[in-house]
Amino acid sequence: MMRYDQLIHEGPRQSSPSLLQLASVSATVFCAVFGIGYTFSGGLVENYATTRPVQTQPAALILPKAVRYAGVSQGPQVESREARTALHAAATGTVNRDSTLQRPKVDPKKTVLIGVAADSGCGKSTFMRRLTGIFGGGKPTPLGGGFGTGGWETNTLVSDKTTVMCLDDYHLNDRAGRKVTGLTALDQRENNFDLMFEQMSSLKRGETIAKPIYNHVNGTLDTPEEIAPASIMIIEGLHPLLDDRVAGLLDFSIYLDISDRVKFAWKIQRDMAERGWALEDIKKDIEKRKPDFDKYVAPQRAKADMVIEVLPSRLAPPKDETAPLEYLRVRLIQKTTTKHFDPVYLIEKGSSVTWKPCGDNLQCEYPGLQLAYYTEEYMGHPAEVLEMDGVIHNLKEGLYVEKFLHNTGAKEFGELTQELLKGQNSPGGDNGTGFMQTLAALKIREIYERATGEKA
Ligand SMILES: Nc1ncnc2c1ncn2[C@@H]1O[C@H](COP(=O)(O)OP(=O)(O)OP(=O)(O)O)[C@@H](O)[C@H]1O
Ligand SMILES: O=C(CO)[C@H](O)[C@H](O)COP(=O)(O)O
């Protein structure tokens, strides 16, 4: 393994064998491939050598991120992940390039860079599907098609207009390397912010970059991939706002603030049901991450232009700490001072409203629906907050709620409801998470149009 800057400027330490040679390479050989990483000593970074990491999770239980975003299948998984990664890295040379991606060159003045910050397992993939869906241009797919369709293991998703990049790709060390440093991936020192800044600046100038890849399946740093500028570029991950230089490049930023109780429920759902983890392991994982999460991730809330805060319901609170979390209260916290952005409001701007729309126009079953709108000081910034607790059982009746909302970013009345209906089968489709994420997506489209003067 090499450092990212070495990977990019000197090329990876991988040979480029012929297909015949590749066919004869065994997993055993690749498991012995050496890499160079970093370790920390008194604040200084030192090199160390490590072999490729050993997987602790069964291969079939972890899906590559881009596959989860796009909701597509990449075909059967090969038994040895080490072998798969090495085969691909070797087969694709120094930089993975998607030669099928036909996009007209974009004018750098007509692009926006959006940051989405959240902890792992907090619904970024779900939000990305809603957000990219608003821009049309076809369903986003993994860059290069993804592994299994002739591509490589990637975290990057592309459509005609959008490119979603995952900041995990800027991890400084691979999984084995982090075991040596003893630091978590959330730690500032485990991420290459210099390179992140350099590359995001290049994209904003209209230049193509060779972005590193952190392979979540193997826990390895793979051959970089070529990323060309797109009209709407989204960086999502743990730290889009931590480094002031990177934060300064963003046209708009969102923080998904999932309260501990909700995060735990979602992690159980995903890691127990989909990945076969034990409950105790999930608890331990959350606890292990918590100090660094509080130190490096959570403070970004103060810098975000918009925060989507997800809390247990007050209309139908869980019976106790261990009861399943069926209903949610979601707050859309909107800073009032952001360029190109006018907060969504309910009924009258600047007022304070609590509204239960249940009645002739909107049928409610348990637990019902409550909306609220008010202003508040959020982490030292003036903000307008739209709040939703409960669910909209019949999403078509969302039209009645839409009637009382203003500055939604919809191009015509009814578009918000249409988008809610499109996402009704996604997680949170009938509650405030789906509702606020859809509003956020419409607002981002509006920001793109205002900032660039282009129609999305
Ligand atoms: N609004 C929601 N309501 C209920 N469950 C949700 C919601 N959003 C996400 N989830 C669930 O939470 C889990 C994690 O979601 P998702 O994979 O989108 O998170 P992520 O932030 O992309 O995670 P990672 O960074 O680890 O890839 C999934 O099981 C998903 O179904
Ligand atoms: O926080 C994370 C994702 O946002 C991951 O923990 C981090 O990227 C390390 O990945 P892995 O656990 O697959 O080695």
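1. How many nonpolar, polar and charged residues make up the shell around ligand 1? By class, that shell holds three nonpolar, eight polar and six charged residues, where Ala, Val, Leu, Ile, Met, Phe, Trp, Tyr, Cys and Pro count as nonpolar, Asp, Glu, Lys and Arg as charged, and the others, Gly among them, as polar.

2. On conventions, this is a predicted model in which local features need pLDDT of at least 70 and side-chain atom pairs count only at pLDDT 80 or more, while totals for chains, interfaces and linings use all residues. Residues are numbered from 1 along each chain as its sequence is written, chains are lettered from A and ligands numbered from 1 in the order in which they are written, and side-chain values use heavy atoms, with hydrogens and water left out.

3. Ligand 1 is surrounded by 17 residues, the closest being S120, G121, G123, S125 and T433; a residue is taken as near if one of its heavy atoms lies within 4 Å. Polar backbone atoms of G123 and of K124 each lie 3.0 Å from an oxygen atom of the ligand, and an N or O atom in the side chain of T126 is likewise placed 3.0 Å from an oxygen atom of ligand 1. The protein buries 90% of the 630 Å² that ligand 1 exposes when taken alone (Shrake-Rupley method, 1.4 Å probe).

4. As for the elements involved, α4 (65-70), α6 (124-134) and α10 (260-274) are those that give two or more residues to the shell around ligand 1, and α10 supplies the largest share, four residues; helices are DSSP runs (H or I) of at least four residues, numbered from the N terminus. Because domain 1 (51-78 + 91-247) and domain 2 (305-452) both contribute residues to this shell, ligand 1 lies between them, with the caveat that the domain bounds come from an automatic or database domain assignment.

5. Around ligand 2 stand S120, D168, H171, R175, R178, A185, Y214, H216, L238 and R289, which by class are three nonpolar, three polar and four charged residues. Oxygen atoms of ligand 2 are found 2.7 Å from a side-chain N or O atom of R175, 2.9 Å from one of H216 and 2.7 Å from one of R289. Of the 360 Å² of accessible area that ligand 2 has on its own, the protein covers 82%.

6. T408 sits in the loop between β17 (405-406) and α13 (415-422), and the side chain of T408 reaches the backbone nitrogen of A410 at 3.2 Å.

Conventions: A polar contact is a pair of N or O atoms within 3.5 Å; within protein, one must be able to donate a hydrogen and the other to accept it, and residues adjacent in sequence count only if both atoms are side-chain atoms.
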